Amino acid sequence: PDIAHRAELVISPSSSLAICDYAADHDADLIVVGTHGRSGLVRMLVGSVAEQVVRYAPCATLVVRGPVANTFPAHLMVCTDFSPASAPAIEAAERLCRAFGAKVTLVHVLSARELEQRGGQAAREDLETQLAAALDLLHREHYSAPVQTSVLVASSVPHAIVAHADEIGADLAVVATHGRTGLKRMWIGSVSERVARHAGCSVL
């Protein structure tokens with residue numbers, strides 16, 4: 001189909017905020033950015049445009065980890081913490097799966113301490129039940145692609161997500177963001193931002 005292309009030069013002291021403001025002003029549905037994958041002191045001082053866009057974007061953001069294959073995603077890994085904020089990730093995955101016919105791995109990660117606080121193995125079985133309920137969302141609109149579920153126990157949620165995506169060969173990780181800003185975000189960190197920084201695959 002014919003696609004309208006438009007190129008505009010935007011001059012701003014902040015690349016990331018300019019991108020987010022432009023997306024808001026033009027009612028964008030999706031922002032697509034690449035990432036250099038910087039880490040450590042350089043990333044802290046320079047900042048990451050991709051991470052800041054993920055943090056402030058008014059719409060969904062696709063962080064592309066190149067090179068890009070000339071195929072549609074075949075395996076999506078979708079992350080949920082069962083909160084209302086994570087529901088858009090499942091909804092987005094459901095639409096992508098209907099569009100591309102991809103298979104899905106639905107993942108929940110918790111710390112070993114949290115698992116113990118919740119009651120050990122019984123809590124894990126309860127989480128499996130919650131995952132099954134979340135899975136029902138993927139079957140709306142008669143979605144029928146293969147779906148697997150995993151409950152992971154790890155010391156770091158984002159690192160577990162990144163490692164599991166590598167392990168299962170996911171083409172795309174789908175995560176939601178709570179949109180924290182300021183001091184709370186600096187201390188707690190953002191799972192979505194850290195996944196976008198370290199993932200070996202693209203992240204939505």
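Reader: What makes the 16 residues of the largest nonpolar core a core, and which of them touch the most other members?

Author: A nonpolar core is a set of buried Ala, Val, Leu, Ile, Met, Phe, Trp, Tyr and Cys residues joined through side-chain atoms within 4.5 Å. Buried means under 20% relative accessible area, exposed means over 50%, and partly exposed is in between (1.4 Å probe, protein chains only). In the largest such set, of 16 residues, Met77, Val109, Ile161, Val195 and Val203 touch the most other members. The elements giving two or more residues to this core are β3, β4 (103-110) and α7 (157-168). The largest share, 4 residues, comes from α7.

Reader: How do the numbers and values come about?

Author: This is a predicted model, in which local features need pLDDT of at least 70 and side-chain atom pairs count only at pLDDT 80 or more, while totals for chains, interfaces and linings use all residues. Residues are numbered from 1 along each chain as its sequence is written, and side-chain values use heavy atoms, with hydrogens and water left out.

Reader: Why is β3 called largely enclosed by the rest of the structure?

Author: Because 5 of the 5 residues of β3 are buried, the strand is largely enclosed by the rest of the structure. His75, Met77 and Cys79 point one way from β3, while Leu76 and Val78 point the other way, and all are buried.

Reader: What makes β3 and β4 a pair, and how many bridges join them?

Author: Two strands pair if DSSP finds at least two bridges between them. Here 5 bridges join β3 to β4, and the two run parallel, so the pair meets the definition. Histidine 75, for instance, has lysine 103 in β4 as its bridge partner.

Reader: How do you know how many disulfides there are?

Author: A disulfide is a covalent bond between the sulfur atoms of two cysteines. The test is a pair of cysteine sulfur atoms within 2.5 Å, and a search of the whole structure finds 0. The cysteine sulfur closest to that of cysteine 79 belongs to cysteine 201, and at 9.3 Å it is too far for a bond. Cysteine 201 is likewise in no disulfide. Both cysteines fall under the limit for burial: cysteine 79 is buried at 9% relative accessible area, and cysteine 201 at 8%.

Reader: Is phenylalanine 72 buried or exposed?

Author: Phenylalanine 72 counts as exposed because its relative accessibility is 60%. It lies in the loop between β2 (60-64) and β3 (75-79). Phenylalanine 72 and phenylalanine 100 are 28 residues apart in sequence and 6.5 Å apart in space, C-alpha to C-alpha.

Reader: What makes the span of helix α4 close to the expected one?

Author: The expected span is 1.5 Å times one less than the number of residues. Helix α4 (residues 87-100) has 14 residues and reaches 20 Å from its first C-alpha to its last, close to the 20 Å expected. Glycine 101, which follows α4, has a positive phi, near 70 degrees.

Reader: Why is the link between glutamate 51 and arginine 197 called a salt bridge?

Author: A salt bridge is a side-chain nitrogen of Lys or Arg within 4 Å of a carboxyl oxygen of Asp or Glu. The closest N and O atoms of glutamate 51 and arginine 197 are 2.9 Å apart, and the pair forms a salt bridge. Glutamate 51 lies in helix α3 (residues 49-56) and arginine 197 in helix α9 (residues 191-198), so the pair ties together parts that are 146 residues apart in sequence.

Reader: What do the side chains of arginine 55 and glutamate 193 form?

Author: They meet in a salt bridge, at 3.2 Å from N to O. Arginine 55 is in α3 and glutamate 193 in α9, so this pair ties together parts that are 138 residues apart in sequence. Arginine 55 is buried at 16% relative accessibility, and glutamate 193 is buried at 3%.
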